[in-house]
Amino acid sequence: MRFFTRSLFVPLIMALCLAGLGAVGLIRAARADDASYLLKPGARGKVCLTCHDDFAAKLKDAYVHTPVKDGDCTGCHSPHASSHGKLLSASTRGICFTCHPDIVPQNAVSTHPVAAEGHCVKCHDPHASNNPFHLLKSGNEVCFQCHKNMEKRVSTVKFKHWPVEKGCTNCHSPHGSAASDYLLVKKVPDLCLGCHKIDSPEIAKQHNNYPVQNARCTTCHNPHGSNTAGILYDNVHPPMAARMCDQCHEGNASPTPLKVKAQGYKLCAKCHADKIKDILAKNRVHWPLLSKKGCLNCHSPHASVQKDLLRAPMIELCGKCHSDTIARQARSKTKHKPIEEGKCTACHDPHSSNYVFLINQPAAGNANQPAAGKKVLDQATLIVDLCGSCHNYQMHSTHPVGAKVVDPRNKNLRVQCLSCHRVHGTDNKDMLHFWPITDMCTQCHTEYKR
Amino acid sequence: MKGKLKPARAFLTLVFLTLLVFFPGRSFALMRIKLQPLTPVYAAHNGGLLAPEGVAVSAKFHEIVISDAGHARLLKYTFADDKATGCTEIKLPQVPYPLKVQVNSKGEIFVLDGRQRKIARLAPAGTFEGYVEPAGMPDPDNFVPKSFRIGPNDDIYVLDIMGARVVVLGPDGKFIRQIPFPDGTGFMTDLAVDESGRIIVSDGPKAVLYAAQANAASFTPLTGSLHEYIDFPANITTDSNGIVYVSDQNGGSIILIGKDGSFQGRRLGLGWNKGLLYFPGQICLDGDGHLLIADRENNRIQIFKIVE
């Protein structure tokens with residue numbers, strides 16, 4: 001042991017000495033450089049304080065950034081002129097990443113955009129702070145500066161998850177994670193199993209003795225706390241709330257206990273038979289519903305934050321496949337309110353319809369099922385009625401529209417709202433297909449084209 | 001003067017030869033492909049077309065079959081001299097909402113019904129002969145055809161979205177083989193089969209094409225994401241050179257993909273006038289220099305002459 005200690009001690013001392021000599025060498029080199037620039041002593045920092053005298057108080061903070069402590073203001077700032085704000089010698093990303101190059105992991109699975117884009121000062125005070133890591137605020141407060149909804153949720157939920165209260169960084173890496181998405185320090189369930197002993201009798205009982213050790217805990221549990229016991233997401237699928245797992249899965253004694261009893265929509269049809277029957281009776285079924293995943297393309301089978309057990313907010317969910325449509329709305333000069341509010345179902349039936357684009361038939365008992373005695377509408381009447389359910393232009397004045405107004409561009413079309421507007425947006429005002437407005441009108445009124 | 005021209009001509013020849021070496025002839029052919037609009041099909045018995053979803057063409061029988069979904073019927077036209085003439089209406093209770101349509105080498109018509117999600121087989125005259133019932137297919141309970149094609153030997157290639165596979169059936173409906181969808185795909189929208197038996201499938205949300213050579217057991221990506229060029233690839237077809245024509249449903253255009261998966265150009269555009277598309281449905285080629293497009297939201301079938 002003694003030999004071992006000595007054998008380590010000597011090289012360590014030598015390494016320290018060499019490092020010290022290197023540092024002295026660098027300082028001498030810098031001083032020599034300073035001399036060549038005819039710099040006054042302390043010109044790299046201390047001189048700055050002669051004008052920036054309010055900075056003296058800052059230096060008394062508990063945690064002072066090393067370059068500041070060393071009086072090296074020129075480490076980050078250019079004293080004469082700069083193309084960057086605050087006379088910084090480069091962009092914040094460029095400056096911070098010079099000394100902290102690996103702060104965002106090279107092979108990151110997920111990155112915090114604030115960090116990756118170099119907006120370090122949104123969380124850190126680059127000079128000094130009374131919080132560790134020079135954070136602007138202490139603990140979770142710094143995260144809640146942006147994640148306000150999370151602050152509200154965490155503080156109001158009935159059943160709290162204690163690591164969240166202790167600090168977001170218990171689970172999340174604030175700059176980037178090489179291990180998992182959502183900046184998690186480990187993948188789920190490994191992260192959860194770090195605290196929760198999955199093989200404990202109590203947890204096994206809660207899960208009806210199903211082998212959930214490899215399941216993704218966050219498909220059912222809300223790691224940020226919940227108003228539902230067991231921190232399940234707020235909306236729980238009734239069979240799950242009643243712990244009737246074998247309603248959908250094979251029994252817990254089966255060799256394949258987690259296997260579901262049927263595939264796709266057929267599994268859901270075991271309980272929701274009438275709903276599925278209605279859906280399948282229409283001319284046009286939303287095809288993903290008939291795919292291998294079926295209803296689970298959009299709905300969570302266990303629990304969800306969203307109403308109707310949707311897997312995500314509607315706009316996000318629909319946008320997973322219809323990204324171009326959602327993007328069109330995002331860049332449109334005029335926003336269509338239902339889309340902006342994430343209510344795709346204001347116009348579309350997400351399951352099935354008798355009409356193209358899975359359009360809802362307005363003013364019918366069931367949104368898209370014609371009410372008793374109501375016939376299937378022609379395209380023009382359908383669109384005009386649908387738009388008319390929010391926009392009341394037809395009540396006072398309107399361009400002639402409807403089933404009897406032939407579109408001059410195409411004899412098989414009738415003039416209706418979509419003849420001029422694209423409801424998911426265009427690059428033009430009022431979601432018009434063409435701009436300026438004369439270009440729009442002269443599409444049909446060609447006699448006025450100049 | 002003549003002496004000065006000689007080096008210039010030599011230089012131009014050199015440039016031309018270099019281009020020929022670095023760009024295969026087919027690329028030139030692709031770049032030259034132009035679509036010249038012919039007279040569209042608008043009118044039919046009892047009103048014009050309404051939301052036509054499908055179109056198939058048979059060069060052998062000089063006919064076009066249209067699935068006029070909005071009117072729950074099929075329409076058959078004679079196609080000769082670049083014109084569609086005459087019209088026979090086929091309205092069957094067994095096919096309440098026709099979507100995609102195909103014609104085989106015997107002139108039999110196959111049509112996918114949207115409401116029942118079954119493929120109906122019709123005699124050349126349009127009489128109902130029965131549904132295609134895959135015989136001997138594994139996992140028959142999980143079979144939902146989203147699209148289909150008749151292959152070179154009249155085999156029936158079905159895009160089965162519930163089974164997440166392409167099923168190949170013989171002309172009589174007997175199961176031949178299946179190829180599973182690749183992992184990690186978004187949602188398969190259509191398939192095409194070229195003359196060599198190569199199968200191509202299109203992933204709509206991810207805008208990627210996958211291909212499986214004849215008799216291959218799996219699909220491999222033919223392209224990367226095509227989102228730069230296309231909004232939503234909904235329908236595809238191929239020509240005899242293996243060039244893939246992809247309809248951009250939301251962008252109202254056709255994009256061309258080379259046999260090697262390279263992007264070769266974008267044709268047509270979104271609009272209402274002749275030659276423009278508005279949410280196109282099925283597309284097909286007749287092998288005789290014509291591209292037909294079910295221009296769904298324009299309630300017409302557009303016919304283009306492929307001019308090189």
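Domain bounds here come from an automatic or database domain assignment. With that said, chain B splits into domain 1 (1–32) and domain 2 (34–307). Their centres, taken over C-alpha atoms, lie 39 Å apart.

A word on the model. It is predicted, so local features need pLDDT of at least 70 and side-chain atom pairs count only at pLDDT 80 or more, while totals for chains, interfaces and linings use all residues. Residues are numbered from 1 along each chain as its sequence is written, and chains are lettered from A and ligands numbered from 1 in the order in which they are written.

Now chain A. It comes to 19 helices and eight strands. These are DSSP runs numbered from the N terminus: helices are H or I, at least four residues; strands are E, at least two. Of the 450 residues in chain A, 23% are buried. Buried means 20 or more other C-beta atoms within 10 Å of the residue's own, with C-beta atoms placed from the backbone.

Look at helix 18 of chain A, residues 379–388. Seven of its 10 residues are buried. They are A:Q379, A:A380, A:L382, A:I383, A:V384, A:L386 and A:C387.

Next, the contact between the chains. Two residues are in contact if their C-beta atoms, placed from the backbone, lie within 7 Å. Chain A gives 21 residues and chain B gives 27. On the chain A side, helix 15 (314–321) and helix 16 (323–331) each supply at least two residues. Helix 16 of chain A has the largest share, three residues.

Back within chain A, take contacts between residues at least 6 apart in sequence. Of these, 51% join residues at least 24 apart.

Notes
A residue is buried if 20 or more other C-beta atoms lie within 10 Å of its own, exposed if 12 or fewer, and partly exposed in between; C-beta atoms are placed from the backbone.
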